[in-house]
Amino acid sequence: MAEKLLEVRELTAGFHTERGFLRAVDRVSLSLEAGQTLCVVGESGSGKSVTSLAIMRLLDYSGGTIAGGEIRFRGVDLTELPQREVMRIRGNRLTMVFQDPISALNPVFTAGDQIAESLRVHKGMSPKAAWRKAVDMLRLVGIPDPEMRAGQYPHEMSGGMCQRVVIAMALACDPELIIADEPTTALDVTVQAQILELLQRLKRELRTSILLITHDMGVAAEMADRIAVMYAGAVVEEGTAAAIFERPRHPYTIGLLRSIPGTTGERGTELYTIKGGIPRIEQLPGGCRFHPRCPYAMENCAREEPPLLEAADGHRSACWLTDMPEVMT
Ligand SMILES: Nc1ncnc2c1ncn2[C@@H]1O[C@H](COP(=O)(O)OP(=O)(O)O)[C@@H](O)[C@H]1O
Ligand SMILES: [Mg+2]
């Protein structure tokens, strides 16, 4: 078995409020092997961004707290590291690409300066060498005329080009892991496809490991080696992309898959939508958190929370229904 690059165990994280602790992420476990892409999928509000900010140790900056669990990065628990050590890893061995490239870039520095900065800080490069490498990085991410673009400011570039700059920044220090949180959601459809293609190419050529956060099962289908499906703060299903698409085990995953355009078979039928909405985390239902929306819910589901158990080799699901009908085939 390949080496575990990232191993998140029972991570609980959230926000202290007047009414108590808001548990946005509830005992989430994830694991990612070197050179692979893990997609974390789920509707908006399911805790994907809080999970990624916790892994980056950036949650404090948005007012959140890690309340329990471990985040092992090459065996070292990031939750226990002092900020000084975290800063040596973040932006260097572990980097992040955010949803909105414009706000991820600093408007008063050129693209080249922003990339060169992290090379100077983390790799101790001279300004000249760092600039040369910055230009190389812009070339690597497919930006035409990189020498000229390196001297430009973010407002002089399109959204797609800015996201390429952000990816170049994320790649500059040759990280072991890139976390990309909905990296294409803010972009036009055609640009989205180009950015996904770029991430695929970089993964192939550089063997960078990617933790890709998306609400879009279609994106996961193209990108993932493994998929973790999150619902209302918890992982409800996890397995290889092949297993999840061929034989989804959790009714929520089945609903997500049926909601992808072009997967439901008969033409002309309306696109499926899962009934109801994701519950507010301060008002989670008892038992299985998905049961009020679940077409297969049984009496037991309202009473007891189903544990995330191995349903098949390396494929885990949190559902009381053990003989799920093969609805997808
Ligand atoms: N800064 C914050 N303060 C309070 N609650 C927050 C904050 N950020 C996120 N949340 C809550 O945490 C939950 C998970 O949010 P998030 O991780 O952003 O979801 P996702 O990325 O899956 O759309 C949501 O209920 C959201 O309202
Ligand atoms: Mg998010």
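In this predicted model, a nitrogen atom of ligand 1 lies 3.2 Å from a polar backbone atom of Ser62. Taken alone, ligand 1 exposes 560 Å², of which the protein buries 64%; accessible areas come from the Shrake-Rupley method with a 1.4 Å probe, and for residues only the protein chains shown count as cover. Two further contacts involve oxygen atoms of the ligand: one is 3.0 Å from a backbone N or O atom of Gly47, and one is 2.9 Å from a polar backbone atom of Val50. A polar contact is a pair of N or O atoms within 3.5 Å; within protein, one must be able to donate a hydrogen and the other to accept it, and residues adjacent in sequence count only if both atoms are side-chain atoms.

Residues are numbered from 1 along each chain as its sequence is written, while chains are lettered from A and ligands numbered from 1 in the order in which they are written. Because the model is predicted, local features need pLDDT of at least 70 and side-chain atom pairs count only at pLDDT 80 or more, whereas totals for chains, interfaces and linings use all residues; side-chain values use heavy atoms, with hydrogens and water left out.

**Ligand shell**

The surroundings of ligand 1 consist of Phe15, Ala24, Glu43, Ser44, Gly45, Ser46, Gly47, Lys48, Ser49, Val50, Ser62 and Ile281, a residue being near a molecule or strand if one of its heavy atoms lies within 4 Å of it. By class, this shell holds 4 nonpolar, 6 polar and 2 charged residues. Here Ala, Val, Leu, Ile, Met, Phe, Trp, Tyr, Cys and Pro count as nonpolar, Asp, Glu, Lys and Arg as charged, and the others, Gly among them, as polar. Helix 1 (residues 48–55) contributes the most to the shell, with 3 residues; helices (H or I, at least four residues) and strands (E, at least two) are DSSP runs, numbered from the N terminus.

**Pockets and cavities**

Grid points are joined across faces, edges and corners, and a volume is the space filled by probe spheres set on the points.

| Space | Volume | Lining classes |
|---|---|---|
| Largest pocket | about 650 Å³ | 13 nonpolar, 6 polar, 2 charged |
| Second largest pocket | about 360 Å³ | 9 nonpolar, 2 polar, 6 charged |
| Largest cavity | about 90 Å³ | 12 nonpolar, 2 polar, no charged |
| Second largest cavity | about 40 Å³ | 6 nonpolar, no polar, 2 charged |

The largest pocket has 21 lining residues, with Arg90, Gly91, Ser118, His122 and Met169 nearest its centre. Strand 6 (94–97), helix 4 (111–123) and helix 7 (159–172) each provide at least two of its lining residues, and helix 4 has the largest share, 5 residues.

Around the second largest pocket there are 17 lining residues, of which Arg27, Val235, Pro306, Pro307 and Leu308 lie nearest its centre. Strand 2 (20–33) and strand 10 (234–240) are the elements that give two or more residues to this lining, with strand 2 giving the most, 4 residues.

The count comes to 3 cavities of 30 Å³ or more. Of the 14 residues lining the largest cavity, Pro251, Cys288, Cys294, Cys301 and Cys319 are the closest to its centre. The second largest cavity is lined by Ile55, Met56, Arg57, Leu78, Val86, Ile89, Arg90 and Leu94.

How values were computed. 1 Å grid on protein atoms, 1.4 Å probe; cavity = no way out; pocket = protein on both sides within 12 Å on 5 of 7 lines; lining within 4 Å.
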